[in-house]
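I opened my notebook next to the viewer and went through this one piece by piece. Here are my entries, in case you want to follow along.

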Amino acid sequence: MRLVQLALPPDNRSAILDVLDDEGVDYVLLAGENETLVQFPLPAQAVEPLLSDLRDAGYDDRYRVVSNAESAATEHFDELESRFVAGSEADESIDPEELSAKAHDMTPNAATYYSMTLLSSLVAVSGLLLDSPALVVGSMVIAPQVGSALTAAVGLVLAKRRMVWDGLRTQVFSLVAAMAGAAAVGWLLQTAGFV
């Protein structure tokens, strides 16, 4: 379930509220000095189609927050849930912005990412030198490359060049860092006479 908050443009406010009324969405209006904010709960599957209808009515995406909600007790929420989760409009779609945010969240910050990459390569080198498949598999568990690969894939699907570039760049830099780290450890072990 999602809680959606939108800032309404003054010139299209009534058209947007009409869409919400037509769809049976229970909403709350919060009026400020310069802006009007509308807030309403939705099943996750209803976010993308409803936002599309709101854009057609004149919503301009200037302020939108979609967050997770634990529960909702509104007059028509059960009807929305039966319609979008189990009914005629049911699907497994997800809002592209939510998908993009989830992909970004899966990649840790740079210091953590590259330190985990180096640690993973060191464990893999140890596993190869000790002829231990368990250590090699363990190094794959430590490696954080899934997040950057997912970022690139989601960017490709959503046609966001910046996400594709960030994901691919991070993958290439981590490959270079892992190879350099493994080579340095191998050289140190050979120089010290362990191998």
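**Entries on salt bridges, sheet, helices and loops**

I began with Arg-169, which counts as partly exposed at 29% relative accessibility. A reminder to myself before going on: this is a predicted model.

Which residue does Arg-169 pair with in a salt bridge? I found Asp-166, with the closest N and O atoms 3.1 Å apart. Both residues belong to helix α8 and sit 3 residues apart, about one turn of the helix.

Next I looked for other partners of Asp-166. Arg-162 also meets its side chain in a salt bridge, at 3.7 Å from N to O. This pair lies in helix α8 too, which covers residues 161-191, and here the spacing is 4 residues, again about one turn. I therefore noted Arg-162, Asp-166 and Arg-169 as one network of salt bridges.

Is Asp-166 buried or exposed? I wrote down buried, because its relative accessible area is 15% and the cut-off for buried is under 20%. Arg-162 is exposed, at 59% relative accessibility.

I then checked the total, and the count comes to 3 salt bridges. One of them joins Asp-60 to Arg-62, where the closest N and O atoms are 3.5 Å apart. Asp-60 is partly exposed with a relative accessible area of 41%, and Arg-62 is partly exposed as well, at 38%.

**Sheet**

I turned to the strands. What is their order in the open sheet? The 4 strands run β2-β3-β1-β4, and the pairing is antiparallel. At the edges I found β2 (28-31) and β4 (64-68); each has a single partner strand, so one side of each is left without a neighbour in the sheet. Neighbouring strands are turned by 20 degrees against each other on average, ignoring direction.

I zoomed in on one pair. Strand β1, residues 2-8, is joined to β4 by 5 bridges, and the two run antiparallel. For a landmark I picked Leu-6, which stands opposite Arg-64 in β4.

**Helix pair**

Two packed helices are described by the angle between their axes and the distance between the axes. I looked up both values for helix α1 (residues 13-23) and helix α2 (residues 47-56): the angle is about 140 degrees, and the axes are 9 Å apart. The crossing of α1 and α2 is right-handed. Which residues make the contact? From α1 I listed Ile-16, Val-19, Leu-20 and Glu-23, and from α2 I listed Leu-50, Asp-53 and Leu-54.

**Loops**

Asp-131 sits in the loop between α5 (110-129) and α6 (133-142), and it is exposed, with a relative accessible area of 69%.

Ala-159 gave me another entry of this kind, with a positive phi near 60 degrees in a residue other than glycine. Where is Ala-159 placed? I found it in the loop between α7 (145-157) and α8. Ala-159 is exposed too, at a relative accessible area of 68%.

**Domains**

Last, I stepped back to the whole chain. The domain assignment gives domain 1 as 2-93 and domain 2 as 103-192. I noted that their C-alpha centres lie 40 Å apart.

Terms used:
Residues numbered from 1 in each chain as written. Predicted model: local features only at pLDDT ≥ 70, side-chain atom pairs only at ≥ 80, totals over all residues. Heavy atoms only, no water. Domains from an automatic or database assignment. Pairing = 2+ DSSP bridges. Axes fitted to C-alpha atoms, helices over the stretch in contact; angles between N-to-C directions. Salt bridge = Lys/Arg side-chain N within 4 Å of Asp/Glu carboxyl O. Buried < 20%, exposed > 50% of the residue type's maximum accessible area, 1.4 Å probe, protein only. Left-handed = near helix turned anticlockwise from the far one by under 90°. Contact = heavy atoms within 4.5 Å.
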